[in-house]
Amino acid sequence: MTAYQAKTPDQIGFVDYTEEENGTWEILYKRQMELIKGRACDAYMDGLERLQMSSNSIPQLPDINRVLRKETGWEVAAVPALIPFGKFFELLANKQFPAATFIRTREEIDYLQEPDIFHEIYGHCPLLTNPVFAKFVENYGKLGLAASKQERVYLARVFWFTVEFGLIQQAKDDLKIYGAGILSSTEETVYSLVSDKPVRKPFDLMTALRTPYRIDILQTTYFIIKQFEDIYNIMDSNIIDHIHEAIELGDFAANFPAKSSEPMKSSFKDQHDC
C-alpha cells in the first residue's frame, strides 16, 4: 500500500507542485545528470535531449507528451500511484506509459518503495522516443493483456531485466545503461557498471525467464543486449510457449540472500501490483 498521494492534474493536464517538490526534482535531476555522463546509452541521452526537461521543476505531462507523440506516438498517462497489472498492460498496449503524479519526500530521496514521477519521467520517457524500444514496450503490453496471471509473473521478469535493469553493449568495451531502474538510482548507476559483485551476462530469453530477482536490494544479475532489436524480436506470441517451457524447467537457484539485512538505496523498488 502506498504512503503517497498522487496529485490530480487540472483540466489541461497540469499539476500544481509545491516549491519543495520542485526542489526535490532539482536535487534528483542534477545529481543524476552528473552520474549518467559516460554511463547512459546513446539512445537514452538522445531522448533526454529531445524531451528538454527542466532541471529545476517537475515536468508537466502535456509537455512530455507533445514530444513523445511526435517521435513515436506515445504519451504518459497520470495514474493514482500503484496500479493493477491488468491496467498496466492495457495502458502499454495503447502506447500510454503510467506515471503517478507524486514525488518522493526528502527523507526518502535515496530509498523509495514505489515508482514516483522522477523514476517514470526521467528513467523511462527518454527511451520512449526510440521507435524500436517503444514498439517493444507496446508489444509487451499487448501480450500481457492476453496472458494469464501465472504467465504475467514471467513477463514481469522480462520487463525487470530489460526495461528496468537492462545494460547494452554499444561497442567493444563500451557497456552502457538503458534500464530506468538503474538510471534513476544514484547508487545503482555506478554499481551496475563497475562493481565486481553482480553477474553480468548476455541476454537470453529462457535464462531471463528462469532467473528470480529481488526488488529490495541492488541487483545481483544484469542482462546485456547488443541492440534494442534483441529484445524487440522476442516480444511475439511465441514468448508464451517459452514461458511454459520455463515453468516446466523451473527457476535457477537465487544468487541473493533470502532476506535483506539493510534496505536498497534505490529510486525504484517495486513493480506494479499483480
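In this predicted model, histidine 119 sits in helix H5, which runs over residues 117–124. Its relative accessible area is 0%, so histidine 119 counts as buried. Histidine 124 belongs to helix H5 too, and at 4% relative accessibility histidine 124 is likewise buried, since the cut-off for that label is under 20%.

Turning to charged pairs, the model has 14 salt bridges. One of them joins arginine 31 and aspartate 110, with the closest N and O atoms 2.4 Å apart. This pair links distant parts of the chain, as arginine 31 is in helix H1 (residues 19–35) and aspartate 110 is in the loop between strand S2 (96–100) and H5, 79 residues apart. Arginine 31 is partly exposed at 25%, and aspartate 110 is partly exposed at 34%.

Arginine 104 pairs with aspartate 116, the closest N and O atoms being 2.8 Å apart. Both lie in the loop between S2 and H5, so this bridge ties together parts that are twelve residues apart in sequence. Here arginine 104 and aspartate 116 are both buried. Elsewhere, glutamate 75 and arginine 69 meet at 3.0 Å, N to O, while Asp46, Arg50 and Glu71 form a salt-bridge network.

Technical notes: Residues numbered from 1 in each chain as written. Predicted model: local features only at pLDDT ≥ 70, side-chain atom pairs only at ≥ 80, totals over all residues. Heavy atoms only, no water. Helix = DSSP H or I, 4+ residues; strand = E, 2+ residues; numbered from the N terminus. Buried < 20%, exposed > 50% of the residue type's maximum accessible area, 1.4 Å probe, protein only. Salt bridge = Lys/Arg side-chain N within 4 Å of Asp/Glu carboxyl O.
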